[in-house]
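Here is a short tour to follow in a viewer.

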2 protein chains.
Amino acid sequence: MKFSFDASYQILERTPGVLRLLLSGLNDSWVMNNEGPDTFSPYDVVGHLLHGEKTDWTIRIRRILDHGTAMPFEPYDRFAQFEESKGKDLLQLMKEFEQLRNENLVWLKSLKLNEDDLDKKGLHPALGEVTLRNLLATWVVHDLTHIAQITRVMAKQYKEEMGPWPEFFRILSF
Amino acid sequence: MKFSFDASYQILERTPGVLRLLLSGLNDSWVMNNEGPDTFSPYDVVGHLLHGEKTDWTIRIRRILDHGTAMPFEPYDRFAQFEESKGKDLLQLMKEFEQLRNENLVWLKSLKLNEDDLDKKGLHPALGEVTLRNLLATWVVHDLTHIAQITRVMAKQYKEEMGPWPEFFRILSF
């Protein structure tokens, strides 16, 4: 599939609503459990998405447009939410994420990016040169894979209750 | 996490709405592409969920309650949707799934299953003895893992557009 701004936008605008529908009102056992040491619960993932919305995606887009490869991106803190989410419940995190995402998408649209803009390059601190197109595609994939992660983490909570069935579910071993 | 009827119901009742919000109105590139030969597209997964709703979950619950281990489950056809979905668009499949799921959940609740019922056993044609509790937990996990699959399949469509980023996304190699 070739990159398309509209197709990307379709995913980015859906994510907050999907999370809200998927996670609102669930028992804590579904949303607060993780996959083991150093892994994320669904609650942690929402905090992680919120943090990225504040400090990562739009800042990096701006950096590419303003500085190209002259000024590398800041490294991203994948564990910042463990501190930042403290004292906030899931619903609050989801609402903040939804509001920030909506604002960010209004801003993104206002840039009216053309093909030349999408070819512009920035400098990732670990990966080296990346294009704005790469960054936007990765934003979309980041949303989708974290929804996949959330549902996988939830599914694993029931592994012990499935009797012999887990052998038919390859995904439970990931 | 211990099995709970209410916690299970929370997931089963959400799935049709989550799918509708996630998939309605998307470009065909998101919903009709798969992960390679003999894999499912999001469209195929919805057809698969619909087929399960018609021929699998409730029939097997009934079978356990009526016959115990005396009459094994019918084998489940994991590829039936390739035939059954023909001529139907995604929205139609999602609507049929939502309606059938709602009907099945009304029926499920009407059974007023107690702990003794959940301990009742049936015979899986490949896995052997399973309890009704195992079956219900597996129904829930089946929903969740197929949402995980759908979002993973969608994410993979953009792998080529991410430049060097896929190496940070373990899930894209599954």
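Some labels on this tour concern accessibility: buried means under 20% relative accessible area, exposed means over 50%, and partly exposed lies in between (1.4 Å probe, protein chains only). This is a predicted model, in which local features need pLDDT of at least 70 and side-chain atom pairs count only at pLDDT 80 or more, while totals for chains, interfaces and linings use all residues. Residues are numbered from 1 along each chain as its sequence is written, chains are lettered from A and ligands numbered from 1 in the order in which they are written, and side-chain values use heavy atoms, with hydrogens and water left out.

**Stop 1: a pair in chain B.** Select E96(B) and K88(B). They form a salt bridge (a side-chain nitrogen of Lys or Arg within 4 Å of a carboxyl oxygen of Asp or Glu), with the closest N and O atoms 3.3 Å apart. E96(B) is partly exposed at 24% relative accessibility, and K88(B) is partly exposed at 23%.

**Stop 2: pairs in chain A.** Select R152(A) and E35(A), whose side chains meet in a salt bridge at 2.7 Å, N to O. What does this pair tie together? R152(A) is in helix α8 (residues 132-156) and E35(A) in the loop between α2 (28-32) and α3 (42-55), so the bridge joins parts 117 residues apart in sequence. Helices here are DSSP runs (H or I, at least four residues), as are strands (E, at least two), numbered from the N terminus. R152(A) is buried at 5%, whereas E35(A) is partly exposed at 24%.

Now select K120(A) and D117(A), another salt bridge, at 2.9 Å, N to O. K120(A) is partly exposed at 35%; D117(A) is buried at 13%.

**Stop 3: where the chains meet.** Select the residues in contact (heavy atoms within 4.5 Å): 57 from chain B and 57 from chain A. The buried area, meaning the accessible area (1.4 Å probe) that two parts lose on being put together, summed over both, is about 5,200 Å², 70% of it from carbon and sulfur atoms. In chain B, highlight M1(B), Y158(B) and W165(B): they lose the most area to chain A, together 16% of what that side buries.

Two salt bridges run between chain B and chain A. To see a salt bridge between E161(A) and K2(B), select both side chains, which meet at 3.6 Å, N to O. On the side of chain B that touches chain A, α8(B) gives the most, with 17 residues.
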